[in-house]
Amino acid sequence: MTELPKRKNIRLNAENYAMGGYFFITVCVRDRKQILGTIRNGTTELTDIGKLIEEEINLMSSYHDSTEIVDVVIMPDHVHFIMRYEGAKTHFGRIVGNMKSAVTRRLGYSIWQRNYYEHIIRNETELLETQRYMQDNPLRWELRCKGLV
């Protein structure tokens, strides 16, 4: 029998999360299927699934009092959000997992790729740059699709 591949753990050690702070999160749709929305004129027109995801992300703060959603941008095949996390009470990965599970329960099937991308935002300049990146992402997508970038 062949040995299963070892999956790389993307998490930093627990101390980096216990202090809390701002985190940039990207969650992708399985096989990068473009089912969350369509980009027109530099903005995302959400599908019903995209609207459901936006609703669940915005509910995260009410489910977990240690979190605040600062910004959300939904793309056709992935979601970006910035979360302020105060650490402690609920493990960081569980909060993101709960959102993905809530969407799956409401849809009755999973749309998600395994895992997610995270980045610790270390200062105000990086927070502003990340927000600008997120807000400009739909326009960059549209220009790339039209072959202008």
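This is a predicted model: local features need pLDDT of at least 70, side-chain atom pairs count only at pLDDT 80 or more; totals for chains, interfaces and linings use all residues.
Modeller: Residues are numbered from 1 along each chain as its sequence is written, and side-chain values use heavy atoms, with hydrogens and water left out.

Colleague: What share of the residues is buried?

Modeller: Buried means under 20% relative accessible area, exposed over 50%, and partly exposed in between, with a 1.4 Å probe and protein chains only. The chain has 149 residues, and the buried share is 43%.

Colleague: What share of the contacts with a separation of 6 or more joins residues 24 or more positions apart?

Modeller: A contact means heavy atoms within 4.5 Å. Of the contacts with a separation of 6 or more, the share from residues 24 or more positions apart is 67%.

Colleague: Why does the span of α3 agree with its length?

Modeller: Helix α3 covers residues 92-107, which is 16 residues. The expected span is 1.5 Å times one less than the number of residues.

Colleague: Where does α4 bend?

Modeller: Helix α4 has 22 residues and reaches 32 Å from its first C-alpha to its last, close to the 32 Å expected. A bend is the angle between axes fitted to the seven residues ending at a residue and the seven starting there. In α4 this is about 45°, with the proline P138 following within four residues, and the bend is at N137.

Colleague: Which residue caps the N-terminal end of α4?

Modeller: A side-chain oxygen lies 3.2 Å from the backbone nitrogen of T125. The residue that supplies this oxygen is N123.

Colleague: Is E126 buried or exposed?

Modeller: E126 sits in helix α4, residues 124-145. Beyond its neighbours within four places in sequence, E126 contacts H119, I120 and I121. Its relative accessibility is 17%, so E126 counts as buried.

Colleague: Which side chains make polar contacts with the side chain of H80?

Modeller: H80 lies in strand β5 and is buried, with a relative accessible area of 3%. A polar contact is a pair of N or O atoms within 3.5 Å; within protein, one must be able to donate a hydrogen and the other to accept it, and residues adjacent in sequence count only if both atoms are side-chain atoms. Another, at 2.9 Å, is with N137.

Colleague: How many disulfides does the structure have?

Modeller: A disulfide is a pair of cysteine sulfur atoms within 2.5 Å. C28 is buried, at 12% relative accessible area, whereas C145 is exposed, at 60%. A search of the whole structure finds a disulfide count of zero.

Note on methods
Helices (H or I, at least four residues) and strands (E, at least two) are DSSP runs, numbered from the N terminus.
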